[in-house]
Amino acid sequence: MKKILICDYPNALENDYSTTIQSATNAYYSYIANDNRTEDINFEIYAYENKEKLIEKLKDVGGLITGFLEIDESILSRADSLKCISVSGVGYSNIDMDAAKRHGVCICHIREYCTQEVAEHAFALIAALNRNLKYYSEKIENDHEWKYHTIAGSKNLSSQTIAIFGFGKIGKRVAKIAGAYGMEVLAVDPYVAKNPQCVEEAAKYKISVVTAQEALDRADIITNHMNLTEENYHFFNEEAFSKMKKHPIFINVGRGGSVDEKALEHALDTKQIRAAGLDVLEDENPDLENCSLTGRENVIITPHSAFYSSESIKKLQIISGANMGYYLAGKYNNISEIVEK
């Protein structure tokens with residue numbers, strides 16, 4: 001019997017994984033002849049409690065499906081039966097890739113499933129912060145105050161410059177929305193900057209590919225869509241915030257590790273930035289009772305929900321389940337994308 005564990009932090013575990021299970025089963029059996037179906041697939045859904053209990057659960061498990069669990073050397077070195085981790089998402093920075101390679105664990109993920117959702121979420125945060133919606137809502141609901149001039153008015157978006165850090169699928173979609181608002185759009189991406197064709201293509205849509213320094217100098221709004229790497233960990237640190245000359249709105253719907261939260265707190269306290277919209281924090285399972293970013297009228301935090309829609313959840317479950325099924329069947333070319341094999 002092949003055993004698959006579906007596991008995540010309790011606050012990230014979905015209510016229903018029937019689509020994932022069905023997709024994995026269909027993908028597996030579509031390539032296994034009837035007379036060779038000697039093994040059934042057994043699925044267990046488990047809400048993460050602690051590392052030791054997870055290791056115990058993985059003792060005789062061949063595959064793990066997860067979105068957010070931190071999987072490191074201490075887990076992989078003791079999960080002798082584990083052969084594949086199917087990440088329910090685009091990002092996989094929560095997996096120690098070097099450790100996975102050492103222990104022969106295949107890591108696969110989803111190339112694309114929520115571009116539109118994340119781009120929309122980024123702009124929902126931008127618009128809400130620019131129009132002071134949280135401030136006004138709290139004034140009305142808590143103080144029963146009906147006044148608009150108790151806070152300074154913001155410039156309309158059409159007169160502002162947005163800098164997009166990370167110009168992949170989501171970054172490009174954000175740029176398209178920004179263009180519809182009439183904003184000036186800057187893009188920061190070293191991979192794009194090195195490709196003259198990409199730079200020319202961006203210019204056709206009136207998008208300027210610039211250095212990080214120029215973007216920090218010129219932007220009224222900064223939004224992060226970078227994949228997390230060793231090179232850009234804590235990219236937005238005290239030095240970066242200090243270079244933001246126009247005291248911008250700062251948006252992070254990328255990865256929590258891209259931002260030094262202590263530096264972000266300082267930037268808010270000193271008004272180096274005027275507001276922040278965060279869909280991710282450094283800790284994927286944060287202690288919100290002791291989080292100093294909460295309780296601020298100019299900060300909106302959402303629970304890593306930018307990807308979330310009825311359409312995206314269905315695609316996520318279908319693809320992550322199918323990736324596991326294809327791996328079990330040995331049909332690696334059918335997997336959405338293998339990061340490490």
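Predicted model: local features only at pLDDT ≥ 70, side-chain atom pairs only at ≥ 80, totals over all residues.
Good morning. I begin with a salt bridge: the side chains of Arg78 and Glu52 meet at 3.0 Å, N to O. Arg78 lies in the loop between helix H3 (73–76) and E4, and Glu52 belongs to helix H2 (residues 51–57), so this pair ties together parts that are 26 residues apart in sequence. Arg78 is partly exposed, at 43% relative accessibility, and Glu52 is partly exposed as well, at 48%.

In total, the structure holds 16 salt bridges. Another of them joins the side chains of Lys246 and Asp220, at 3.2 Å from N to O. Lys246 sits in the loop between helix H11 (238–242) and strand E10 (249–252), while Asp220 sits in the loop between helix H10 (212–218) and strand E9 (221–224), so that parts 26 residues apart in sequence are tied together. Is Asp220 buried or exposed? At 4% relative accessibility, Asp220 counts as buried, whereas Lys246 is partly exposed at 35%.

I turn now to the sheet. It is open, with 6 strands in the order E2-E1-E3-E4-E5-E13 and mixed pairing. Strands E2 (41–47) and E13 (337–340) stand at the edges with a single partner strand each, so one side of each is left without a neighbour in the sheet. On average, neighbouring strands are turned by 25 degrees against each other, direction ignored.

Within this sheet, E4 (residues 84–87) and E5 (residues 106–109) run parallel and are joined by 3 bridges. Ser86 stands opposite Cys108 in E5. Finally, helix H13 (residues 310–329) lies across E1, E2, E3, E4 and E5, at about 160 degrees to E4. Thank you.

Note on methods. Residues numbered from 1 in each chain as written. Heavy atoms only, no water. Pairing = 2+ DSSP bridges. Helix = DSSP H or I, 4+ residues; strand = E, 2+ residues; numbered from the N terminus. Axes fitted to C-alpha atoms, helices over the stretch in contact; angles between N-to-C directions. Contact = heavy atoms within 4.5 Å. Salt bridge = Lys/Arg side-chain N within 4 Å of Asp/Glu carboxyl O. Buried < 20%, exposed > 50% of the residue type's maximum accessible area, 1.4 Å probe, protein only.
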